[in-house]
Amino acid sequence: MRTDQQARLTRPARLQGRSMSPNPLILDRPAEDWVEIAVPAIVTEETFQLAARRLADNQRFAARNTKVASLLQGLAACASCGYAYYRTSTRTTARKLYYYRCLAPTTTATPAGGAAPTCPCAPTTSTRSSGST
Ligand SMILES: [Zn+2]
């Protein structure tokens, strides 16, 4: 919708050395002015739901900027605290052991000045599974 207001300074106008755009400001009409028209569906409800699910999956499983991907990346979560699991590793003399642990901070400060584990699965009490990825 064309308005009487002046449009903000756009990139083309700025690159031409102008301080304002010569065009009027164009805005969407307010929602109460919209005219709704019933139209037949282009796709079935099932197809729409499948497409929506695919979009959500694509967003969830899209490639990340991970140096070495792990098998359960983005899938495993801690049953105790709900934080996501991440893969980490430790090295023995013979080989490198990979394991998953939750993202909860290992300890939080207590009012008495001590430290308490934030999650029951904190490394000191957790059972670690070893193996690759
Ligand atoms: Zn946890």
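**Briefing on a predicted model with two helices and six strands**

Helix 2 is made up of 17 residues, and the distance from its first C-alpha to its last is 24 Å, close to the 24 Å expected at 1.5 Å a residue. The structure is a predicted model. In this model, the protein contains two helices and six strands, and the order of these elements along the sequence is β-α-β-α-β-β-β-β.

**Helix 2**

- Helix 2 covers residues 45-61 and has the highest confidence in the protein, at a mean of 94.
- Helix 2 lies largely in the open, because the number of buried residues among its 17 is zero.

**Strands 3 and 4**

- Strand 3 (residues 85-91) and strand 4 (residues 96-102) run antiparallel and are joined by seven bridges.
- Tyr 85 has Cys 102 in strand 4 as its bridge partner.
- Ser 89 is paired in the same way with Tyr 98 of strand 4, its bridge partner.

**Overall dimensions and packing**

- The radius of gyration of the protein is 27 Å, whereas a compact globule of 133 residues would have one near 14 Å.
- The C-alpha trace spans about 70 × 45 × 40 Å along its principal axes.
- Buried residues make up 3% of the 133 residues of the protein.
- Among contacts with a separation of 6 or more, 28% are between residues 24 or more positions apart.

**Confidence of the prediction**

- The average pLDDT of the protein is 84, and 92% of the residues score at least 70.
- Confidence is lowest in strand 5 (residues 107-109), where the mean is 76.
- Over residues 125-132 the pLDDT stays under 50, and the model has nine contacts beyond four places in sequence for this stretch.

How values were computed
Residues numbered from 1 in each chain as written. Predicted model: local features only at pLDDT ≥ 70, side-chain atom pairs only at ≥ 80, totals over all residues. Pairing = 2+ DSSP bridges. Helix = DSSP H or I, 4+ residues; strand = E, 2+ residues; numbered from the N terminus. Rg over C-alpha atoms; globule rule 2.2 N^0.38 Å. Buried ≥ 20, exposed ≤ 12 C-beta atoms within 10 Å, placed from the backbone. Contact = placed C-beta atoms within 7 Å. pLDDT = per-residue confidence, 0-100. Expected span 1.5 Å × (residues − 1).
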